[in-house]
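Thank you all for coming; I would like to take a few minutes to go through the packing in one model. Please have the sequence and the structure open as I talk.

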Amino acid sequence: MSDFFTVSVLVATLATAIRFSVPYLLAALGETIGQRSGVLNLGVDGTMLLGAFGAYYTVLETGSHLLGIVVGIAIGLLMGLVYAIVTVFLQAEQGISGIGIFLFGLGFSDLLFQELVGTPKPIKPLPTLDKLPGVGGIFEPLVDIEHLGTLLFKHNLLTYLAFFLVPVVTWVLMKTTFGMNVRAVGENPQAADSLGVSVARTRFIAITIGSAFAGLAGATLSLQLAIFQHNLTNGIGFIAVALVYFGAWQPRWVMSGALLYGLVTATRIKWQSLDIIPQGASDIAAMAPAIITILALVLLASRVRGPAALTKPFTRH
Amino acid sequence: MTRITGAIVPLGAALFAFLFGALMIVALGENPLDGLGAMIDGAFGTGDRVAATAVRATPLLLVGVGITIAFRASVINIGGEGQIIAGALLSTAVALAIPDTPKIVLLPLVILAGLVGGGIWGAIPGVLKAYASVNEILSTIMLNIVAIQLMNYLLRGPMIDPIEVDGSNIPQTERLSDNAALPTLIEGTRLHLGVPIAIIAAILVYVMLFRTPLGFRLRAVGHNPDAARAAGISVEKNIVTALGLSGALSGLAGVVLVFGSESLRLVTDGGSAGFTGSAGFNGIVAALFGALHPLWTIPSSFLFGSLLTGATELQRELQIPNALAIALNGLIVLFVVSSDKVRTWLNRRLDRGTPFEAEIPDAPDPDDPPDVSGVGIAEGAS
């Protein structure tokens, strides 16, 4: 109990929180893009599991992190295509279709894992900035800065990529033609359609990109943990969906929610491993983000309006 | 004029899913017919295996029947997992608190506690939706997480088996009172009282939905909330009722999982699937496949129960991971929810001989107005 609240414990906790928040952030950013176009994808967790396994298995076999990440994204794209066909062209009910994607991903990733790998084999961990082959030396002085180095510069590249994507997604949604089309078909598909915007094509692209984010989020998770196991995500994808509502469909607020989840998870795991808090307190603390999310939804529901056409299939009248 | 109606498309969807399963088995280097044989043998090979299949189907049926109530009122209940856990926790607490009560009193109390626990866990998102406009999909998912962590906390702390505290610390309760156990119905098999209870529950829900004023109000709210409100029906109250009843049935599934188990304990692996076997999600699949009708959900649950027990045998005989069953469930969901539109297209094509392309993707469709509540809820009881 002696090192309760020492600066280094706090810094280590915060640094872990940033790392933990990355899969939530990537998955929720992708879901934001899809929902802005009017389509809810509840299958994020299943897509993440498949992406996580694909990336893990690729690294296990080839040793290449980059290839693993590419495979994770590709699997996300593929699942996005399936989901887009089901929800845009076949106009299936979105909440339930997502459960189908989730169950498929849950079962299929487990099937592949048991068949191709069997017992969990660790893979080589993602290098942090200072350990990057070739260029790592440049960052070493930054990492050596007391506390700040650990907090800001001792992460893997995917962490920086995820946070860099927050302004990128905002910019794409708010400033580009594609982003305007996405928002238009999410708000008022009839009007967008009458102005010549293809609702189906815009939603198709938004869903597929969003799902690619989920694949990347899964890849990030398994590569960060350097392992895969049955149901590795344990519901992260479902929380990511809630984070989009929590963040009122704004990437920067979605990011805040992801950081909150990362912080609570990091705090309870770190503090429990240091015997600062007992297991029981850790289990109770694990409920906190879900309860906070529900309370936030209660407060926001009457104040913030989501995309008006969310979950509504579009039929031309 | 041939029209494709009724069960053909869902059955076709299932056929596609099973074809995919057969392809998987081929890809894993086995003969799909051997696989099918192993599954049938595992699910129905002996009297006890049929009983095991029925027991496996029971939580799916209870959750599924609950799902039909929610869907008929146009609310989506994804909180089956949490409601199962809440029912299991409250009923287990009762059994732990008064273990020596005679069976004739304790068993009904345990069942009641399960209904109440699950009912509360379902009514919360109902209240949040009705009175605070919180999307029930999100709140039920969040409450799943809360229930899992509550279970972890209770089973690692207050409710843990005293022997485990000094032992290996497995998060489980002690063996619960035999007075609370669901009695075996046929000696030498695993068939227990939970199976007929679930079937009776399905029949009662059918009667409630289609033969009582309550059921009429729930369906009216689901069909057109504005019209229901205009007719003096409280939309809010009926949303809470629908989710509360739906949760209560899932809570009953939790009772069956604990008090129908051979170990007669509540045990967690830290997630939810370890205890529920994903029944909260698989029940949705069973309900969808049963066309969201309480009575059709009975054979549908039995089918999915046999898929699960069959997959266990598949793993034992051919070393094909039983996760295949979950993957197939997911595919069946995707095929079934997509089938409405496919059916419309097929019928159109049969009627007029119009090419498919003319219908894709946004063509006006006078026979089939956009249905926000989706999933093609069959009208009435017929």
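Let me begin with a definition: two residues are in contact if their C-beta atoms, placed from the backbone, lie within 7 Å. This is a predicted model, in which local features need pLDDT of at least 70 and side-chain atom pairs count only at pLDDT 80 or more, while totals for chains, interfaces and linings use all residues. Residues are numbered from 1 along each chain as its sequence is written, and chains are lettered from A in the order in which they are written.

Setting aside neighbours within four places in sequence, Ile332(B) is in contact with Ala13(B), Ala14(B), Ala17(B), Val285(B) and Phe289(B). In the largest nonpolar core, which has 214 residues, Ile332(B) and Ala27(A) touch the most other members; such a core is a set of buried Ala, Val, Leu, Ile, Met, Phe, Trp, Tyr and Cys residues joined through C-beta atoms within 7 Å, buried meaning that 20 or more other C-beta atoms lie within 10 Å of a residue's own.

Turning to the contact between the chains, chain A gives 53 residues and chain B gives 51. On the side of chain B that touches chain A, helix α15(B) provides the largest share, 14 residues, helices being DSSP runs (H or I, at least four residues) numbered from the N terminus. That side of chain B divides into 36 nonpolar, 11 polar and four charged residues, where Ala, Val, Leu, Ile, Met, Phe, Trp, Tyr, Cys and Pro count as nonpolar, Asp, Glu, Lys and Arg as charged, and the others, Gly among them, as polar.

Finally, within chain B, α5 (residues 103-132) and α11 (residues 235-259) pack at an angle of about 145°, with their axes 6 Å apart; axes are lines fitted to C-alpha atoms over the stretch in contact, and angles run from 0 to 180 degrees between N-to-C directions.

Definitions and conventions:
A residue is buried if 20 or more other C-beta atoms lie within 10 Å of its own, exposed if 12 or fewer, and partly exposed in between; C-beta atoms are placed from the backbone. Helices (H or I, at least four residues) and strands (E, at least two) are DSSP runs, numbered from the N terminus.
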